[in-house]
Amino acid sequence: MEPEKHTIAVLVENKFGVLSRVAGLFSARGYNIESLSVGETLDPSVSRMTLVVRGDAFVIEQVIKQLHKLIDVIKVTDLSDEDHVEREMLLLKVNAEPANRAEILRIGDIFRAKVVDVTPTTYTLEATGEESKIEAIIELLRPFGIREIVRTGKVAIARGPKTRLRKVEEKMGKPREAGRAPSDDPKVVGFAD
């Protein structure tokens with residue numbers, strides 16, 4: 001049986017070297033990161049990593065335990081265990097011979113891809129969606145001659161309620177502003193409890 005893909009969300013303090021420590025943890029144990037996406041949350045002192053890792057239940061459990069041990073890690077969530085939405089972005093440069101241009105544009109329309117650049121010999125398309133959609137548009141455009149592909153890797157977010165930022169701040173030892181009730185806090189961090 002082939003190991004399953006898991007999408008893991010990691011909330012970390014936005015500090016120098018955190019990405020290196022997370023990547024080092026994986027390489028030191030011989031685990032491969034299939035994709036990695038990192039960006040700030042609503043709080044600029046906190047970043048969110050979305051990792052895609054392949055492994056059985058034991059490997060994933062070990063990965064999550066090791067991530068929890070890193071000092072700058074605030075929270076780790078295996079999104080594969082819960083209802084979530086995931087997307088990937090693709091930039092694809094394809095040969096656009098005059099005879100094929102209409103067909104390339106038609107395929108792009110079917111996948112809701114946008115043409116973001118045109119040269120006399122190529123089209124560059126941008127597409128977003130689940131991994132299966134990205135793979136399908138690549139396969140349909142391959143016969144025309146793909147010159148270059150750039151993919152972001154997955155980004156994912158849990159469906160339903162979100163963790164309030166104040167909870168994250170309290171875990172990081174940051175006091176909440178005096179006089180502000182927890183219910184007045186409008187900021188939300190992008191993953192579920």
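Which elements are included in what covers the buried residues of H4? I took this up as the opening entry, working from a predicted model.

**Entry 1: helix H4.** I looked up the buried positions of helix H4 (residues 131-141) and noted Ile134, Ile137, Ile138 and Leu141. These residues lie on the same side of H4, because they cover an arc of only 100 degrees around the axis. I then listed their cover, which includes strand S5 (84-95), helix H3 (101-110), strand S7 (122-129) and strand S8 (146-151).

**Entry 2: the chain.** I recorded five helices and eleven strands for the chain. Of its 193 residues, 39% count as buried. I also looked at contacts between residues at least 6 apart in sequence, and 74% of these join residues at least 24 apart.

**Entry 3: a four-stranded sheet.** I traced an open sheet in the order S2-S3-S1-S4, with antiparallel pairing. Strand S2 (33-40) and S4 are the edge strands, as each pairs on one side only. On average, neighbouring strands of this sheet are turned by 15 degrees against each other, direction ignored.

I next went through the pairings. S2 and S3 are antiparallel and share seven bridges; here I noted Glu40 opposite Ser47 in S3. Helix H1 packs on the sheet and touches S1, S2 and S3, and the direction of H1 makes about 15 degrees with that of S3.

**Entry 4: strand S1.** Is strand S1 (residues 4-13) mostly covered or mostly uncovered? I found S1 mostly covered, with eight of its ten residues buried. S1 runs antiparallel to strand S3 (residues 46-55), and ten bridges join the two. With strand S4 (residues 73-78), S1 forms five bridges, also in the antiparallel sense. I followed Val10 to both neighbours: its bridge partner in S3 is Met49, and its bridge partner in S4 is Val76.

**Entry 5: helices H1 and H2.** I looked up how helix H1 (residues 18-28) lies against helix H2 (residues 57-69). Their axes come within 11 Å and cross at roughly 140 degrees. The crossing of H1 and H2 is right-handed. Which residues meet there? From H1 I noted Val22, Leu25 and Phe26, which meet Val63, Gln66 and Leu67 in H2. I sorted the residues of this contact into five nonpolar, one polar and no charged.

Notes: Residues are numbered from 1 along each chain as its sequence is written. This is a predicted model: local features need pLDDT of at least 70, side-chain atom pairs count only at pLDDT 80 or more; totals for chains, interfaces and linings use all residues. Side-chain values use heavy atoms; hydrogens and water are left out. Axes are lines fitted to C-alpha atoms, for helices over the stretch in contact, and angles run from 0 to 180 degrees between N-to-C directions. A crossing is left-handed if the near helix is turned anticlockwise from the far one by less than a right angle, and right-handed if clockwise. Contact means heavy atoms within 4.5 Å. Ala, Val, Leu, Ile, Met, Phe, Trp, Tyr, Cys and Pro count as nonpolar, Asp, Glu, Lys and Arg as charged, and the others, Gly among them, as polar. Buried means under 20% relative accessible area, exposed over 50%, partly exposed in between (1.4 Å probe, protein chains only). The arc is that of the directions from the helix axis to the C-beta atoms. Two strands pair if DSSP finds at least two bridges between them.
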